[in-house]
Every structure is written in C-alpha cells, then in structure tokens.
Number of protein chains: 2
Amino acid sequence: MSSNAGTIKIVEVGPRDGLQNESKILPPSDRIQLIEKLVDAGLRFLEGGSFVSPKAIPQMENSEQVWEVLSGKIPEEIDLSFLVANEKGLERATKVGVKSIAVFTATSDAFTQKNINRTVMESINDFRPIVKAGKAAGMRVRGYVSTVFGCPYEGRQPIEKIVEVADALLKMGCDEISLGDTIGVAHPRQIKEVLSRLRSVLPMARLAGHFHDTRGMALMNIRAAADEGVRIFDSSVSGLGGCPYAPGSSGNVATEEVVWMLEGFGFHTGVDVEKLLTLGEWLEAKLARPMRGRLFQSKPKLLNYFEA
Amino acid sequence: MSSNAGTIKIVEVGPRDGLQNESKILPPSDRIQLIEKLVDAGLRFLEGGSFVSPKAIPQMENSEQVWEVLSGKIPEEIDLSFLVANEKGLERATKVGVKSIAVFTATSDAFTQKNINRTVMESINDFRPIVKAGKAAGMRVRGYVSTVFGCPYEGRQPIEKIVEVADALLKMGCDEISLGDTIGVAHPRQIKEVLSRLRSVLPMARLAGHFHDTRGMALMNIRAAADEGVRIFDSSVSGLGGCPYAPGSSGNVATEEVVWMLEGFGFHTGVDVEKLLTLGEWLEAKLARPMRGRLFQSKPKLLNYFEA
C-alpha cells in the first residue's frame, strides 16, 4: 500500500472487555499468553484485566498476576491498562505497580443506575479522587463512556450530556476518553452528526471510538469517525465480548477487521492481520466456541485482491 | 429523515440466489408466500426462481408454478425475474409467459470452467441467442457477472476483463448488469478504484452492485459504490444464500441492513425494514435455522437513535 492516510492507534480490549463477557473463564496463565500473542501481533495498547470483585467478575480474577508476569516480560512502551471500579481497585493496582488504569461511566443515568446503582454524576464524583490519585502516582488514566450513541433504556442521548461527561472526565485528569456505542446501534450519519459537534468543544486527539458490531455497522462507524478526525479505536481480537448489562448487544468489533479495513484505506496501524487470524484459532480452542468475526470465519487465503 | 440523497433500486435475490444455496428445500407454495411477503414489504424487483435442471438445483424445482400463481396476484409493475441457464431454460420461461429473465457468467475463466465447463467468452456466446430471443419476445434481461472483485482461483481480476464482459452483455441486449463480489473479498478502496474506471466506459445507470458479506464489508462496499454513482443493489432478505461454487463465501448482504444503512443516509428505497425483520422470523421457522443477519439478530426495539 503506497498511500498514507496517517496512523491509527488501536486499543485492544479483548483480554478485558472481551473475556469478561465470555462464559468460559480463562485462568491468568491463558490471559497472559493471549496478551503476549497480541503484543507479538503488533498491538501496543491493551486492556490487561480489571481490579474488581472476583465474585462479580470471575473472568478477571487475579489480574495482579497478569500484570506481575507481563510487566517483567513485555517491552516498556506497551501500555497495559487495568480497569478499576473504586478505591479498593486503585489500591490493588497501586500495590503491584500498574502504570495505566481505566474508569468507567456512561451518558445515561438509567444505564448507570441499573449497572452500578449510581447516577452518571454520582459515578463521576466517585471516580474523581481515584483519577486524581492515579495521576498523582504517575499512571495513565483512560475514561470509558458508555451509551454515547444510544441507551437501551433511554434511547437517544443528548449531545450536551455527552459533552458534559467527557469534559468532566478530561478535567479530572483522564488522558483519553473512549466513547462507546455500547449496544451497537449507531449509524454512520449519527457518528458524523455527533462527532462534528463534539469536535468544536473537545480535544479530538484524546477521543477514542468504541464500537460494537451488533447491527453490522461497526466498520462503517469507524470509517465515519475517522473522517471526523478520530484516530484511536477500541476493538477486540476475533470480536470477543459484548456487554452483559445491555440487552441485545453483541461483541466488540473485531480487531482484525478494523485493521484490514483501515490499512486498506492507507492508514497505518502496525498490527499484523495474519497473526490475529491465527490467534482466533487459539481462542476457539481455549474458549471452546466458534469465533464470530466474519473475516476470521472466511479463512482468507489472500487478504487483498486490489494490490498488484 | 428530511435529507434526500436520491432513490436506490433494491433487487431482492433471496427467493432465488438465496434459497438455492439453502440445504432445506422449500416447495413452490412457500416460495410464493415468501415473494408475496417481500412485495408487501415494498420490494419491486425480485428474483422469482430459475429454469434450470431440478436435478442440479432441486431448491428451484417447478419455478413455473411460482410465476403462474404470482403473475395473477402481484401488481403488474413488479419485476419478477427468473434465471435461465440455456435454451431449454428460455423455452420453459417463454412457455409460461415470464416477462423478465437473467443470465449468468463471470470475469474469470477458471471460475466459469469449474462452474459450467465453459470459458467466459464461450458462456457469453452461448447466451447471445438466448438474450436476443428474450429481448425479441419483449422480456427484460439482466446479466450477472461473477468474480468481478476477486476469483477464488485467479485472484484479482483485470479491469479490462470486467469491461469486456459487461460490454458484451450490454451489447447483446442486457438491460442491466449486476457486478458480483461473489466471494465477498472486496474492499471499499477497491470498489472506488474499479468503479471510477468503469464509469468512463460503461453506463452507470445500468450497473448493479451485488455484494456478499463474507468479510463483513458488504455495507461499506455498497456505500462506496453509491459514492461512485451506482443506484442499484442486490441483496437477500436475512442474508439468505451464498455461492456453492466459491469456497469460503457466505451469504448475500442482508436486504434489511442495506435498506437501514441507505435510508439512514437519506436514500429512498421504498422498503419497510420492520416488515423484513418479521419476515426473518418466518424464514427461521421455514428453514429451521437461525438467520445470520446482525440487524435481525439484534432484534431492535428502536431502529434509529439519531432522529429526534
């Protein structure tokens, strides 16, 4: 590919957002292997796990071990991030020396009420001391915002609310905000409408797009967001994951499809699609279920039919 | 939706291209019901069946009955088309008074050799008298061209070959040419590259895009083709179908997803997505398998989160 449309940062969320929504629980040793394979495929920004109650999310049990083993093995520049839900989570992260954390809220009060029994603003107030402490300790901090493009309980979300939440997270110190189409209902026209309005009030370089392929529109939505200037996208190898709180949501958009689509347009991601396709086979064996990604299912012998 | 981006003609291929690739065989009475439901959902251009050997394709057995029953019931303006593979097929179509037929070739000699034991040009020469006779009898004639964006045996297809085949079909009298991404490998960049070159030598108003969602790129490819001026797209309700001759190919792009995507951009299709989603449930019962379309699987309560 000779054209160069710029660089896109891919944030691989499979080992956390993906695996926590799988019914089969992988032990830390498997999660470590998965992350090593992802790093080998060129991924530089990854979710490594979460410091939450293992009773609530047994899939992420002993994320300490994931960090402790990997921090001694993977290159220094890899950003391996861990979700923290509260002060206790931050304590656990701090204790083992994690360098990158993430916090999680939404635009919809109905969604956060059902999910964490808090209004959006209550959740933001809860996170403020955590983010400040994390930043003071030299951590990178990412903020996830769910239901940006639609809530299963409230429907359409007002732009003002999206801006208010993203702005609050940035002001408290988050380095990056991931805007989530949690239930996968966004249309590219909507992406354009929302992002063209956010662009005038928020720093685009710090916004990520997080899309689910529920309606098969995730790749188009990513393309539409890239057209509006977004250069960071979350995805999950083989489309691992979903959202347990959101009825009808299916998995995250598949990393290999995002990379194949973007590289085809001349963007540089640094990620090796062939290695991700091989990793899909490993995941099928580990999770004992077929992976849903269409590019993976098609078992491509030849990726690009448009190059000489 | 207040914006108006123009009208798109949707050609519903589920009752032929779709069903002929399903392992469960539906009797003519079910195929008739399917077509009536599609017409009720607003579709005006449909494949009704094919006049081929019932030994080769038992799924299309007694397509005569489909036409005979429906021609007395559906509005005059509905274009219900039947595939004919040879002179015998044309005879059968003529005998029952079919008004619209289709013929089928490819850009790849390796593909037509494996498929119908003919080179591309041999197949075109075979079709010439059929198309001429059909036109002389007042029929509409559609030409399908497979493997335009990639062949499982030959890989990339030269533009010159695509133009040569399409041009030969137009010159012999075909009213419309459907350009098929038979194995679903096209990338939107490739769509742009190929169509921008075809545009200077072929009449765009007579070209249709026929995409398979093998790699999850069909909707993006349709959008890219629309950007190049294509205004006719083939699709299949619930993503019925595939291609039995093409390894790794999955179903046609789902009509309801095409319509939802295009209408969201302000195009007018005249097709009712809600009715197609209901029809998906009917198909699941009839075919005794889950339908793969993601929009269908997501069971949307609310289609558009971007309208006030």
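This talk goes through a predicted two-chain model, from the contact between the chains down to single residues.

Some conventions to start. Residues count from 1 along each chain as its sequence is written, and chains are lettered from A, with ligands numbered from 1, in the order in which they are written. Since the model is predicted, local features need pLDDT of at least 70 and side-chain atom pairs count only at pLDDT 80 or more, while totals for chains, interfaces and linings use all residues.

I'll begin with the interface. Contact here means that the C-beta atoms of two residues, placed from the backbone, lie within 7 Å. On that basis, 32 residues of chain B are in contact with 33 residues of chain A. On the chain B side, the elements giving two or more residues are α8 (188–198), α9 (218–227), α10 (255–264) and α12 (294–297). Elements are DSSP runs numbered from the N terminus: helices are H or I with at least four residues, strands are E with at least two. That side of chain B divides into 11 nonpolar, 12 polar and 9 charged residues. Nonpolar covers Ala, Val, Leu, Ile, Met, Phe, Trp, Tyr, Cys and Pro; charged covers Asp, Glu, Lys and Arg; the others, Gly among them, are polar.

Next, strand β8 of chain B, residues 207–211. Buried means 20 or more other C-beta atoms within 10 Å of a residue's own, exposed means 12 or fewer, and partly exposed is in between, with C-beta atoms placed from the backbone. How many of the residues of β8(B) are buried? The count is 5 of the 5, so the strand is largely enclosed by the rest of the structure. L207(B), G209(B) and F211(B) point one way, and A208(B) and H210(B) the other.

Strands pair if DSSP finds at least two bridges between them. β7(B), residues 176–181, runs parallel to β8(B) and is joined to it by 5 bridges. On the other pairing, 2 bridges join β8(B) to the parallel strand β9(B), residues 232–235. H210(B) takes part in both: it stands opposite G180(B) and has D234(B) as its bridge partner in β9(B). The β-α-β unit of β7(B), α8(B) and β8(B) is right-handed, and the crossover from β8(B) through α9(B) to β9(B) is right-handed as well. Right-handed means that, with the strands pointing away from the viewer, the path from the first strand over the helix to the second runs clockwise.

Now helix α7(B), residues 159–171. Its 13 residues reach 18 Å from first C-alpha to last, close to the expected 18 Å, which is 1.5 Å times one less than the number of residues. I162(B), V165(B), A166(B), A168(B) and L169(B) are buried. The face turned away carries the exposed residues E160(B) and K171(B).

Most residues other than glycine have a negative phi. T147(A) has a positive phi near 60°, and K299(A) has one of about 45°. T147(A), in the loop between β6 (140–146) and α7 (159–171), is buried, with 34 other C-beta atoms within 10 Å. K299(A), in the segment after α12 (294–297), is exposed, with 12.
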